[in-house]
Amino acid sequence: MAASKCSRLNGELSRRFLASVDTVLFDCDGVLWRGDEAIPGAPDLINGLKRANKRVFFLTNNSTKTRSMYAEKLGRLGFKAEPEEVFGTAYCTAIYLRDIARLKGKVYLIGGRALSEEFGAAGIPHLGCGADHVTGTQKDWASVQGDSDVKAVVVGFDEHFSYMKLNRALQYLQDPSCLFIATNTDTRLPLEGGRAIPGTGCLVRAVETAAHRKAQVIGKPSSFLYDCVVKDCGLDPARTVMVGDRLDTDIQMGSTCGIRTLLTLTGFSSLEDAKSYQDSGALSMVPDYYVNSVADLLPALSEERQ
């Protein structure tokens with residue numbers, strides 16, 4: 001770990017930092033892009049790291065894309081990437097249900113196409129995708145017909161989230177043996193121009209409130225995405241760094257997993273947020289290093305390759 005927390009990476013410190021790293025784990029939204037615009041210089045950094053024989057993986061809480069969809073977006077924005085380098089919550093939630101929970105039954109899914117496709121690829125039967133409009137009266141809602149084979153409720157990003165979906169989730173979750181899984185709890189998704197939209201965490205909170213239960217979270221700050229990388233690809237924690245824009249997800253996960261952390265200020269969290277956590281002693285949410293943008297590492301990377 002760094003000798004002191006929250007040090008700015010530049011100059012000689014950046015060069016020594018890159019020389020000490022073999023594997024870089026990147027968050028995506030707010031780190032490599034905002035919406036459909038790449039952060040200036042980010043593609044050059046990713047591609048340069050790979051040319052320098054650094055291993056790069058993409059760990060994202062966003063459940064709206066499959067691994068292949070993310071690889072396509074990365075390529076379209078100028079990043080060299082393969083689907084196998086992407087560890088998103090759509091893919092990792094399917095892996096958790098299949099390999100860890102060993103689910104025997106169906107999933108009631110509050111989520112979109114990407115989650116449905118990853119569940120299908122993992123052989124997990126599911127229902128619930130698409131719109132679910134209100135019909136009937138309150139008495140009908142309380143006795144809505146469910147599928148007796150549903151053994152888990154999964155909440156991810158769902159643009160069709162509705163009162164009826166919330167109600168169906170509640171009915172299933174009244175059975176204490178029904179698993180309750182959330183892809184992530186990010187409350188906002190950063191877009192171009194400093195704009196944002198409500199994130200999956202808003203939907204998760206609604207279901208938790210209705211069900212009087214807490215969801216098990218797959219995404220950061222849980223270590224499960226990291227665990228998936230370790231299982232599939234192997235890595236040396238001492239020579240690995242997590243790069244992210246959120247202190248409460250990316251940085252906290254890195255701290256939990258015992259790897260170094262780097263905050264970039266192009267997304268959700270600010271340097272003032274980090275200093276506040278540091279002053280309060282909440283060091284698991286204080287990065288080892290910070291940069292204004294991941295592109296700040298380009299000069300040091302160029303020198304390392306010479």
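Cysteine 28 is buried (under 20% relative accessible area; over 50% is exposed and in between partly exposed, with a 1.4 Å probe and protein chains only), because its relative accessibility is 1%. The model is predicted, so local features need pLDDT of at least 70 and side-chain atom pairs pLDDT 80 or more, while totals for chains, interfaces and linings use all residues. Residues are numbered from 1 along each chain as its sequence is written, and side-chain values use heavy atoms, leaving out hydrogens and water.

The structure holds zero disulfides, a disulfide being a pair of cysteine sulfur atoms within 2.5 Å. For cysteine 28, the nearest cysteine sulfur belongs to cysteine 92, 12 Å away.

Now look to either side of cysteine 28. UniProt, in an unreviewed entry, places the feature "active site" at Asp27 and Asp29; its positions follow the numbering used here, feature names are shortened, and annotations may be inferred rather than shown by experiment.

Aspartate 27 sits in the loop between strand 2 (23-26) and strand 3 (33-34), strands being DSSP runs of E with at least two residues, numbered from the N terminus. Aspartate 27 is buried, at 7% relative accessible area. Its side chain makes a polar contact with that of lysine 220 (2.9 Å); such a contact is a pair of N or O atoms within 3.5 Å, where within protein one must be able to donate a hydrogen and the other to accept it, and residues adjacent in sequence count only if both atoms are side-chain atoms.

Aspartate 29 lies in the loop between strand 2 and strand 3 and is buried at 11%. Its side chain has a polar contact with the side chain of tryptophan 33 (3.0 Å).

Note on methods. Helices (H or I, at least four residues) and strands (E, at least two) are DSSP runs, numbered from the N terminus.
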